[in-house]
Amino acid sequence: MALINEGRPFRSIDASAVGLSRSQLAEARHAGALFQIFRGVVVDSRTPDSRDLRIEAASLVVPPNAVVADHTAAWLYGADTMPPHEMRELRPMFVVPHSTSRPFSAAGKVRQTTILDPDVVEIEGLQVTSPLRTAADLLRRCWRPYALAAGDALARAKVVTTEDVAEYVLRLRKQQGVVQARELAQVIDPKAASHGESWMRCRMLDAGLPRPQLDFGLQDHWGNQWRLDAAFEGQRVASEYDGRADHTGTEATDHDEGRRSTIEHRLSWKFVIATRERIFGADDSFDHELGELLSVPVRPRKW
């Protein structure tokens with residue numbers, strides 16, 4: 001069966017141009033034959049994801065004089081930086097210079113800012129904030145744990161390096177969030193495998209705990225090997241983030257408990273487990289449990 005619109009993205013309001021009536025469009029979406037890339041932009045679900053596909057989709061909704069920015073720019077570069085509360089909004093993000101009026105966009109979010117020429121790159125005709133500008137904006141503008149997760153994701157995708165980001169944000173002057181950006185740029189780590197691990201590390205550092213080693217390898221006398229999310233080797237203490245997607249259900253929890261019990265028994269390590277509920281909110285038991293094992297006093301929570 002042929003791909004809808006030859007596998008190219010299109011705006012829902014242009015469905016008739018690709019041979020779909022309103023009812024056919026609704027039926028295709030309901031059946032999962034169409035995948036929604038942005039609000040009002042869809043593509044045949046069988047179309048493989050690619051940078052070209054993402055660029056073409058963004059080109060359909062970019063307002064005049066606007067530059068693709070923030071999480072959408074990171075997405076074009078192949079990095080997932082979107083915080084949980086925005087994942088379902090599917091609204092692309094753009095910036096326009098202060099010298100121009102801010103255009104209305106029903107599909108996306110547009111903000112005004114200062115944009116220097118070196119901060120914009122052109123990708124197949126689409127204006128996008130440069131990788132370093134994108135990283136700096138996310139480090140400045142996002143809520144602290146989400147900002148570090150964004151920085152880690154960009155480094156993990158090899159879009160930027162920690163050193164280049166740290167040098168870039170040092171040059172920023174009189175911009176909102178620049179202090180946070182400079183602090184977090186120093187601790188970006190591409191070894192963080194998920195947003196949850198980044199949130200966990202942000203919680204550790206802001207609690208005054210030492211910086212852990214990420215993706216730490218262990219091996220016992222029989223040659224069995226394990227990887228730990230975050231480790232404090234000198235104290236034989238590890239912390240791991242159990243996200244809802246991969247660590248829920250009897251099979252997953254039994255596997256986690258069995259693995260950690262083996263490591264504790266054979267190698268005398270201790271674990272402090274992080275969950276979303278323990279990282280965010282008023283419950284600071286994660287901080288104190290880890291601080292006690294490391295013999296480090298913890299700071300009061302600020303987020």
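Cys202 is buried, with a relative accessible area of 1% (buried means under 20% relative accessible area, exposed over 50%, partly exposed in between, with a 1.4 Å probe and protein chains only). This is a predicted model, in which local features need pLDDT of at least 70, side-chain atom pairs count only at pLDDT 80 or more, and totals for chains, interfaces and linings use all residues. Residues are numbered from 1 along each chain as its sequence is written, and side-chain values use heavy atoms, with hydrogens and water left out.

Cys142 also counts as buried, at 13% relative accessibility. A disulfide is a covalent bond between the sulfur atoms of two cysteines. Here it is taken as a pair of cysteine sulfur atoms within 2.5 Å, and the count comes to 0 disulfides. Cys142 is in no disulfide, its nearest cysteine sulfur being that of Cys202, 12 Å away. Seen from Cys202, the closest cysteine sulfur is in Cys142, and 12 Å is too far for a bond.

Next comes the sheet. Helices (H or I, at least four residues) and strands (E, at least two) are DSSP runs, numbered from the N terminus, and two strands pair if DSSP finds at least two bridges between them. An open sheet is formed by 4 strands in the order β9-β10-β11-β12, with mixed pairing. Its edge strands, β9 (213-219) and β12 (270-274), each pair on one side only. Strands β10 (residues 225-232) and β11 (residues 237-241) run antiparallel and are joined by 3 bridges. Phe232 stands opposite Val237 in β11.

Helix α8 (residues 195-206) packs on this sheet and touches β9, β10, β11 and β12; its direction makes about 135 degrees with that of β11. Axes are lines fitted to C-alpha atoms, for helices over the stretch in contact, and angles run from 0 to 180 degrees between N-to-C directions. Contact means heavy atoms within 4.5 Å. Helix α9 (residues 250-267) also packs on the sheet, touching β9, β10, β11 and β12, and its direction makes about 80 degrees with that of β10.

The axes of α6 (residues 162-170) and α7 (residues 178-185) come within 9 Å and cross at roughly 155 degrees. That makes α6 roughly antiparallel to α7 (under 35 degrees counts as roughly parallel, over 145 as roughly antiparallel, 65 to 115 as roughly perpendicular and the rest as oblique). Where these helices meet, Thr162, Val165, Ala166, Val169 and Leu170 in α6 face Val178, Ala181, Arg182 and Ala185 in α7.
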